Amino acid sequence: MIFVYRTAEEKLICPDVIEKDSWINLVNPTEAELRQVSQATGLDYDFLKYPLDDEEIPRVEVEDDQSMIIIHAPVICDDDIIYDTIPLGMVANDDFIVTVCLQDLDLLEEFTGSRIKGIATFKKTRFIFHTLNRKTTLFLKYLRDINRRTEKIESELSRSMRNKELLSLLNLQKSLVYFSTSLRYNAKVMNRLLRGKTVKMYEEDVDLLEDVIVENSQAIEMAEIYSNISKSTMDAFASLISNNLSVTMKLLTAITIILAIPTLVASIWGMNVELPLENAGIMGFGVLMAFMTLITLLAFIFLKKRDMF
């Protein structure tokens, strides 16, 4: 899909055609849409297509009068992995800026809703840096959400250890790994932009980019801290599960020993041979039951002192 925006009187409008100083937002575009935008803007077709590869790593490329910046942006998934990252491409020349992504991103919705001050489609460097800033803010937001989810799962696991909670905790840990990796790649891209050889920057642009780099570093540290906490939690609960299994097996072993004593006595007196108390009638049965009870009680006391119960 193709969405066209242009700043007019400090507001974003949606012109019917692609005009100079427009922002074109491509969301999972077709081949025909990519070629249409490439012809209308003069931007390289390959630059527009690279971000559609979900395995594309963040990088910067410059060719003639146009530049391509690919970063990873956070997204919320519907499958078992709650959070993931996908490539977001920003391709610009002197007249146009194009964003390309496989799906509509929350970070761009605020631009179209005019909720971000200072957004102007003719200020292409500032637009790119605002996009980087919004992306980093979303990373921080999702990291805090992951931390809240982790704490909730830990609370549920403390009451009852079930596979469902453990799998959810594992999926959150995967999300943290994806975030940490993507943030590090994004940091390399922003550091290259800061060197000033990729896009033209003014003093205000440099200040904005430096702020974004600081926030990205904070997000990297948060992702690493939460990842370490998640790993420690998983290891702790794995140890608890193993310990609980040992306790259960110990209890079952003790119960088996207790039950084996009367079974053994009953088996011996059930043999078809001459045995003591064979002709004692009800008196013999009472003596035998008392004997089994005494032996079982002594075994119970012995195992209890050995902390088997």
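In this predicted model, the charged end of R35 lies over the ring of Y45, 4.3 Å from its centre. R59 is placed over the ring of Y50 in the like manner, at 4.8 Å. A charge sits over a ring if NZ of Lys or CZ of Arg is within 6 Å of the ring centre and within 35 degrees of the ring normal.

| Charged residue | Ring | Distance to ring centre |
|---|---|---|
| R35 | Y45 | 4.3 Å |
| R59 | Y50 | 4.8 Å |

The model is predicted: local features need pLDDT of at least 70, side-chain atom pairs count only at pLDDT 80 or more, and totals for chains, interfaces and linings use all residues. Residues are numbered from 1 along each chain as its sequence is written, and side-chain values use heavy atoms, without hydrogens and water.

The structure holds 6 aromatic pairs (Phe, Tyr or Trp rings, the last by its six-membered ring, with centres within 6.5 Å; planes under 30 degrees apart are stacked, over 60 edge-to-face, the rest tilted). The F139 and F179 ring centres are 5.0 Å apart with planes at 90°, so this pair is edge-to-face. F139 belongs to helix α4 (residues 124-159) and F179 to helix α5 (residues 163-194), 40 residues apart. Helices are DSSP runs (H or I, at least four residues), numbered from the N terminus. F139 is buried, because its relative accessibility is 0% (under 20% is buried, over 50% exposed, in between partly exposed; 1.4 Å probe, protein chains only). F179 is likewise buried at 0%. Y83, F139, Y142 and F179 form one aromatic cluster.

Terms used
Helices (H or I, at least four residues) and strands (E, at least two) are DSSP runs, numbered from the N terminus.
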